[in-house]
Amino acid sequence: MLAPVLVLNANFEPIHVCNSHRAISLILTGKANLVLNGRGEIHTVARVYPRPTIIRLTHMIHRPRHRIKLTKREVLRRDHDTCQYCGQHAPSLTIDHVYPRHLGGQTTWENVVSACSACNHRKGSHTLEQAQMSLLRRPSEPPASALYYFGRHLPENQEWLPYIEGW
Ligand SMILES: [Zn+2]
């Protein structure tokens, strides 16, 4: 019942991911329609329901455009799990403040990068110049496209792709 379901706005814009349970209750209350049924059926005591993989809201909801929340996980994802100093691809990277925090460096998309522990240790609390290190690329806020936003669900939900592309 907890499989992810892609929720489309009335204009087909992908806006959200919910679980099957929530999706079915939206359908039963008339707030959404089934767009794609990908995973068989759900049996309750009284009835059998199609198990949705994509639903679409019957009424347009207004909300601000997505922005990617600045978290360690999202920084690692933006940097493709690659140390931004030496280029090493590693599963357990740390987050480095390019301009050090103790000098007033902020925690912003432009000032944090993924770093392996060796590079993070080498850089310490120094600036790039002091440490004589350089970045592979200038860090910036990742695009909040639907593909970026919902992309992590795609390996298990390939059928979502046509509904996500282009937004
Ligand atoms: Zn490194």
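Colleague: Quick one to start: does Phe150 count as buried or exposed?
Modeller: Phe150 counts as buried because its relative accessibility is 2%, where buried means under 20% relative accessible area, exposed over 50% and partly exposed in between, with a 1.4 Å probe and protein chains only. Keep in mind that this is a predicted model, in which local features need pLDDT of at least 70, side-chain atom pairs count only at pLDDT 80 or more, and totals for chains, interfaces and linings use all residues. Residues are numbered from 1 along each chain as its sequence is written, and side-chain values use heavy atoms, with hydrogens and water left out.

Colleague: And how many aromatic pairs are there in the whole structure?
Modeller: The search finds 1, where rings of Phe, Tyr and Trp (its six-membered ring) pair if their centres lie within 6.5 Å. Tyr149 and Phe150 form this pair, 5.2 Å centre to centre with 80 degrees between the planes, which is edge-to-face, a label for planes over 60 degrees apart.

Colleague: Why does Tyr149 count as partly exposed?
Modeller: Because its relative accessibility is 29%.

Colleague: New topic: what sits over the ring of Tyr148?
Modeller: The charged end of Arg77, 4.2 Å from the ring centre; the rule asks for NZ of Lys or CZ of Arg within 6 Å of the centre and within 35 degrees of the ring normal.

Methods:
Rings of Phe, Tyr and Trp (its six-membered ring) pair if their centres lie within 6.5 Å; planes under 30 degrees apart count as stacked, over 60 as edge-to-face and the rest as tilted.
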